[in-house]
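This report describes a structure through its sheets, its helices and its nonpolar cores. The sequence and the structure are shown first.

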Amino acid sequence: MKKIISKVVITAVLAASVFAQNDLQPLAIVKLNKPETITVSMLKSYSSYYQKQLRLETLSLDQKKQLLDKYIREKLVLQAAAKEGISVTDTQVNEAFINTFRQQIGQNVTEAQLSDVIKKQTGKTLDDYIKAVTGMSTVDFKKQLKNQIIIQQYVYAKNQDKIKNAEVSNEDISKAYEMNKTKFAMNDTMKLFLVMVPKGSDESASKKLAEDLRSKYVADKKNLTAIANTPENGKTYRAGEMMLEKSADQAKVLGWSADKINELFGKAEGFTSELNTTESDYQFYSVEKKFPSKILGLNDVIPGSNSTVREVLKQNLTAQKQSQLFSSAATDMVKSLDNATNVDRKKTGEALDKALSW
């Protein structure tokens, strides 16, 4: 029995040793600047992130080869950037890292606060959560993020004039408008001036302030600017303009019934409400401008903004074109760098297939 156990242990040790040796196999050496070896183990770690993003149980041989090429080319651009002294600070990386989560959770948080939010929402530590989502530790994820920032800065630095000067023609704008015209359909909309005075600890004083503000506004609606811009706005009361859409979704956001929002849209421009009392404040509003439902034309101003449809489309199309130019420049760059002088591919053909058969 002892001999059998010994054989099993020896076999297990040998198998582990073989796997370890396989993981240390060099796949390529990138030598544009300082030589860097890419091993099977490194490619496995690199691939885990993309496997998570693609939600795949396993990667095919072709996918592993594509990721190896991607890894090599990233290393080439990073080495080219290093030769020209392009780098980013840890502060920049940490800011980019936290911004990715701020957008997801809709809160302006620090990394410590983010850890608390993740713990409350998922029951996991920040590191465990990132590992579950990306396949990497927080440290490795930040390293990957840092590399991406450096690559973006380098590609942009080499092509900034071409990218910045991207132009969109009026014909392109017109075509985009015709293809997306219904997206600029506008429901009945109105601009309100709303004033809210919290009741606070002295309800009578709050009510008196609300009445005074309403009287001042009714006496001369030019006082809108004074009421909105006074230093007291935000301290003892809140006042400002807002856009409202006649829709069930808008009513839901406001906590209103359909009848109430229909009643509001029945008011004429210039109408000022009486002082209304809610559980928490005193408030009144004035209907400043009404916009009937329509499909906006290219030169129409989008309600609630100072931009026309044409200007918004031009901005969006320009951003798209700049993104395309950036991608094209990055592709051309890595192709020009990926040659036998800069890359020594240690495994090819069947040898590469075997090395990637994990």
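Leaving aside its neighbours within four places in sequence, with which residues is Ser137 in contact? The partners are Asp127, Ile130 and Lys131, where contact means heavy atoms within 4.5 Å. The model is predicted: local features need pLDDT of at least 70, side-chain atom pairs count only at pLDDT 80 or more, and totals for chains, interfaces and linings use all residues. Residues are numbered from 1 along each chain as its sequence is written, and side-chain values use heavy atoms, with hydrogens and water left out.

Ser137 belongs to the loop between α6 (126-134) and α7 (138-164); helices (H or I, at least four residues) and strands (E, at least two) are DSSP runs, numbered from the N terminus. Ser137 counts as buried because its relative accessibility is 17%. Buried means under 20% relative accessible area, exposed over 50%, and partly exposed in between (1.4 Å probe, protein chains only).

**The sheets**

Three strands make up an open, antiparallel sheet in the order β2-β1-β9. Because β2 and β9 each have a single partner strand, they stand at the edges, and one side of each is left without a neighbour in the sheet. On average, neighbouring strands of this sheet are turned by 20 degrees against each other, direction ignored. Helix α2 (residues 40-54) packs on the sheet and touches β1 and β2; the direction of α2 makes about 70 degrees with that of β2. Axes are lines fitted to C-alpha atoms, for helices over the stretch in contact, and angles run from 0 to 180 degrees between N-to-C directions.

β1 and β2 form a hairpin with five residues between them. Ile29 of the sheet has Thr37 opposite in β2, and its bridge partner in β9 is Asp344. Ala28 stands opposite Ile38 in β2.

A further open sheet has four strands in the order β5-β4-β7-β6, again with antiparallel pairing. Its edge strands are β5 (238-245) and β6 (276-277), each pairing on one side only. Helix α9 (residues 203-219) packs on this sheet, touching β4 and β7, and its direction makes about 25 degrees with that of β7. Lys191 stands opposite Lys289 in β7.

The table lists strand pairs; two strands pair if DSSP finds at least two bridges between them.

| Strand | Partner strand | Pairing |
|---|---|---|
| β1 (residues 26-30) | β2 (residues 36-39) | antiparallel, four bridges |
| β1 | β9 (residues 343-345) | antiparallel, three bridges |
| β4 (residues 189-198) | β7 (residues 281-291) | antiparallel, ten bridges |

**The nonpolar cores**

A nonpolar core is a set of buried Ala, Val, Leu, Ile, Met, Phe, Trp, Tyr and Cys residues joined through side-chain atoms within 4.5 Å. The largest has 48 residues, and those with the most contacts inside it are Leu27, Leu43, Ile72, Phe97 and Leu114. Helix α3 (residues 61-83) gives the most to this core, with nine residues. Beyond its neighbours within four places in sequence, Leu43 is in contact with Leu27, Lys64, Leu67, Leu68, Tyr71, Leu356 and Trp358.

**Helix α13**

Helix α13 (residues 309-337) has 29 residues. From its first C-alpha to its last it reaches 42 Å, close to the 42 Å expected at 1.5 Å a residue; the expected span is 1.5 Å times one less than the number of residues. The buried residues of α13 include Val309, Leu317, Ala329 and Leu337. The buried residues of this helix pack against α3, α7 and α8 (170-179).
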